Amino acid sequence: MAQRFSVSAKCRIILVSAESPTKDVSEVSALAQRIDALLPQTQCTKCGYAGCRPYADAIASGQASYNQCPPGGAEGVERLAKLLGRPIIALNPENGVERPRPRALIDESLCIGCTLCIQACPVDAIVGAAKLMHTVIEDRCTGCDLCVPPCPVDCIDMVPVTGERTGWDAWSQTQADEARTHFEAHQARLQKDKAQREARLAARAARVAPGPQSTPVADNVQPQVATPRTEASSVSNDGTAGAAAAADEAATAAARKQAIIQAALERARQKKAALAAEGLGPKNTENVSAAVQAQIDEAEARRKRLGLGASGATPGTDNAKDND
């Protein structure tokens, strides 16, 4: 009987041990959700994480401190401290400073329609299309700064719009809830686009895959329709000429595009030089997160592939300005 009780006790201990991790994960997830509800949902990544919810998960699991959110400011730290039962501490300056809420403003005269800012915006607050001017939906912009570093022509400024009000004094809970909704819609769109892109690639691979080999035709079977040799030669010559013309047209279009971009870069260089002369340097380029730095690196790599420099115009720049 004693041995049977011992086995039963061991089984009970094993069951409790197996249930504990699940319970802990559930508690952490619930706490993360409550933390996320207190964050401003700007998705700025200044906390060092990819968004507000990943930061909330890190706080709940003890991997991050609760003073790493500059948009929330001192009041945001206080809110989180009360929820967690922790002391109120100062905002970590390594993550940024509390400031009035800014809004992105695109200089339409410099925008080249590269779409990099559209790709960087976490709440789809920028609209436009390739080679066309972009603009900001003011009510959607959270002031996250993520659109600034990827811009190759430095045509985006972050303009304060809340006067002296900072942190939660410059941002309401309603705005935070709307920003979360926009961010979730943005993420859903990215997932949908990814699925559609993968489906297209799979369909293309299926089309180019070699099919079953056709049955060889016997030597004594003559084709029913014979194409005259002169006609085939004519078709071949016409096709070659058409391909050459298309290649020339594509090369001309590519050269014009590069000239337009280079002209815009030159205008941006002159703008930077003028700002530097006034003692004003580039904005929002310090303490960028790993995600933002990756966007900057991608933009630089794309410019290198296009053969674009940081300054100096190429031949044809004047014409490009006239046609821009």
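This is a predicted model: local features need pLDDT of at least 70, side-chain atom pairs count only at pLDDT 80 or more; totals for chains, interfaces and linings use all residues.
Biologist: What makes Arg 103 and Glu 138 a salt bridge?
Modeller: A salt bridge is a side-chain nitrogen of Lys or Arg within 4 Å of a carboxyl oxygen of Asp or Glu. The side chains of Arg 103 and Glu 138 meet at 3.5 Å, N to O, so the pair qualifies. Arg 103 lies in strand β1 and Glu 138 in the loop between β3 and β4, so the pair ties together parts 35 residues apart in sequence. Strands are DSSP runs of E with at least two residues, and helices are runs of H or I with at least four, numbered from the N terminus.

Biologist: Why is Gln 68 called buried?
Modeller: Buried means under 20% relative accessible area, exposed over 50%, partly exposed in between (1.4 Å probe, protein chains only). Gln 68 has 12%, so Gln 68 is buried. Leu 105, in strand β1, has 51% and is therefore exposed.

Biologist: Why is Glu 138 called partly exposed?
Modeller: Its relative accessibility is 49%, so Glu 138 counts as partly exposed.

Biologist: How do you know that the length of helix α5 agrees with its residue count?
Modeller: The expected span is 1.5 Å times one less than the number of residues. For the 36 residues of α5 that should be 52 Å; the end C-alpha atoms are 53 Å apart, which agrees.

Note on methods:
Residues are numbered from 1 along each chain as its sequence is written. Side-chain values use heavy atoms; hydrogens and water are left out.
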